[in-house]
Amino acid sequence: MKKISRVSTIISAIMLLTYIIVLISIWSRITDTVPTHFNAAGVADSYGSKRNLAFEPVLAAFLLLFLSLMERIPAIWNFPVAVTDENRERLYKIAMIMMGGIKVLVTALLIDVGVSSLVEGYPIWPMYMMLGVMIILIIVSTVQMVRAK
């Protein structure tokens, strides 16, 4: 289980560090005003300072740290079934896989939000796809946990 946590943390951290390096390297070329909000069709409908671009990596780092810390305390998690000595390991493994996937997807989602402010005409579908995969991951994990009781 620790390997799942370690791998998902490393993947998320590499994605986040890569985004930060790219953001820093292009900072001087970014216009002072960037899109800060998009409607459901992916059309920018609000603008703000390019300093707002620093919000996504900070939030992603905070969430990555928070989720990584929460992984270390599975006893406080809520499960859809009672945790017993017989099912504990199976439930924890399913939950760790789910948490690892959520870590990677949340990091990717926040990077996607930042990139959408940098690239004109950036498509909205990657965000919807990541949200859909996250919902499917949660549903599948929950079903597996119920079956593991």
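**Reading side chains**

Guide: Phenylalanine 62 is exposed, as its relative accessible area is 51%; exposed means over 50%, buried under 20%, and partly exposed in between (1.4 Å probe, protein chains only). This is a predicted model, where local features need pLDDT of at least 70, side-chain atom pairs count only at pLDDT 80 or more, and totals for chains, interfaces and linings use all residues. Residues are numbered from 1 along each chain as its sequence is written, and side-chain values use heavy atoms, with hydrogens and water left out.

Visitor: How many aromatic pairs does the structure hold?
Guide: Rings of Phe, Tyr and Trp (its six-membered ring) pair if their centres lie within 6.5 Å; planes under 30 degrees apart are stacked, over 60 edge-to-face, and the rest tilted. The structure holds four such pairs. One of them is stacked: phenylalanine 62 with phenylalanine 66, 6.4 Å centre to centre and with 15° between the planes. These two are separated by about one helical turn because they sit four residues apart in helix α2 (residues 55-71); helices are DSSP runs (H or I, at least four residues), numbered from the N terminus. Phenylalanine 66, at 40% relative accessibility, is partly exposed.
Guide: Tryptophan 77 and phenylalanine 79 make a tilted pair, 6.0 Å centre to centre with 40° between the planes. Tryptophan 77 is buried at 15%, and phenylalanine 79 is buried at 17%.

Visitor: What about charged side chains?
Guide: Side chains of opposite charge can pair when their charged atoms come close. A salt bridge needs a side-chain nitrogen of Lys or Arg within 4 Å of a carboxyl oxygen of Asp or Glu. This structure holds two salt bridges. In one of them, glutamate 71 meets lysine 103 at 2.8 Å, N to O. Glutamate 71 lies in helix α2 and lysine 103 in helix α3 (residues 88-118), so this bridge ties together parts 32 residues apart in sequence.

Visitor: Is glutamate 71 buried or exposed?
Guide: Glutamate 71 counts as buried, at 4% relative accessibility, and lysine 103 is buried at 1%.
Guide: Arginine 88 forms a salt bridge with aspartate 85, where the closest N and O atoms are 2.8 Å apart. Here arginine 88 is partly exposed at 29%, whereas aspartate 85 is exposed at 65%.
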